[in-house]
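Reader: I'm new to this one. Could you show it to me and let me ask how you know what you know?

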Amino acid sequence: MTAEGEELAGWARMLADGTRATVCLALLDGRAWTATELAKVAKVSRSTISEHLNLLVAGELLTEVRQGRHRYVKLAGPDTAELIEGLAALAPRRTEVVNSLSAVSRRDAFARARTCYDHLAGKLGVALADAMTERGLIDWSDGIALTPEGQAWLADLGIKVEPRRGRPAVRSCLDVTERRPHLAGAVGAALCAHALGNGWVTHIPGGRALKVNGAVQELGLPTGVVRSLRTG
């Protein structure tokens, strides 16, 4: 086995555990969580979750945030988030059994619109990527790139894309529910922040799901798509 192969295998072993995978999926909301919060989500003890978190931090999948005596963890960055979402999308789908109206509502809201770390996902995220493609704002002919028309469109919306070292302007991220790409990268993050800041989408308490408001059509989505996202 080569050194590179050994390193990749070791890294993959970090995610080959249900508790650690559950932690990474929970952290896709982009927030910093405490060990106690993650232990509750993963349904394990505080001591058990601490062991798993230490492994993930040592493996650089997570980073620590200290605030006084409190310790928080979050995903190491957008690249890690996109990797986790992509792996989840490639995993075999299981038929989810829901036995209450509230569970059905949560499942449908998650699929309809949510955040994936710092960008839009679900039907909303995929519809936005489709609309931008149809309007010539992004080009897929050689990977994915923002076109001059796309740059002008962002400027018209008043969206300033903050460059970040090592992060591309645009990147595709395989959506875990739609199994099609949504838009990530610095542009995806800026669009998400703009939509949240203007109240076009709002967080639904208790998870990553978003409530879609009619004004989200400002992002160039077709009326019929916006209507379906609002009504479910």
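This is a predicted model: local features need pLDDT of at least 70, side-chain atom pairs count only at pLDDT 80 or more; totals for chains, interfaces and linings use all residues.

Reader: Where in the chain is confidence lowest, and where is it highest?

Author: Lowest is helix α10 (residues 223-231), with a mean of 77, while strand β6 (residues 138-139) is highest at 95.

Reader: How do you know that the span of helix α4 agrees with its number of residues?

Author: Helix α4 (residues 46-58) has 13 residues, and at 1.5 Å a residue these should span 18 Å. Its end C-alpha atoms are 18 Å apart, so the two values agree. After α4 comes Glu-60, with a positive phi near 65°.

Reader: What makes a residue of α4 "buried", and which ones are?

Author: The cut-off is under 20% relative accessible area. Ile-49, Ser-50, His-52, Leu-53 and Leu-56 are buried, so each of them falls under that cut-off. The buried residues of α4 pack against α1 (3-15), α2 (18-26), α3 (35-42), β2 (62-67) and β3 (70-75).

Reader: Which residues touch the most other members of the largest nonpolar core?

Author: Leu-124, Leu-191, Val-216, Leu-219 and Leu-221 do, in a core of 31 residues. Elements giving two or more residues to this core are α7 (122-134), α8 (148-157), α9 (185-197), β11 (210-212) and α10. There's also a second, separate core of 22 residues, with Met-14, Ala-35, Ala-39 and Leu-53 among them.

Reader: What is Leu-219 in contact with, leaving aside neighbours within four places in sequence?

Author: Contact takes heavy atoms within 4.5 Å. The partners of Leu-219 are Leu-120, Leu-128, Arg-135, Trp-153, Leu-157, Leu-191, Ala-195 and Trp-200.

Technical notes:
Residues are numbered from 1 along each chain as its sequence is written. Side-chain values use heavy atoms; hydrogens and water are left out. Helices (H or I, at least four residues) and strands (E, at least two) are DSSP runs, numbered from the N terminus. The expected span of a helix is 1.5 Å times one less than its number of residues. Buried means under 20% relative accessible area, exposed over 50%, partly exposed in between (1.4 Å probe, protein chains only). pLDDT is the predictor's confidence in each residue, from 0 to 100. A nonpolar core is a set of buried Ala, Val, Leu, Ile, Met, Phe, Trp, Tyr and Cys residues joined through side-chain atoms within 4.5 Å.
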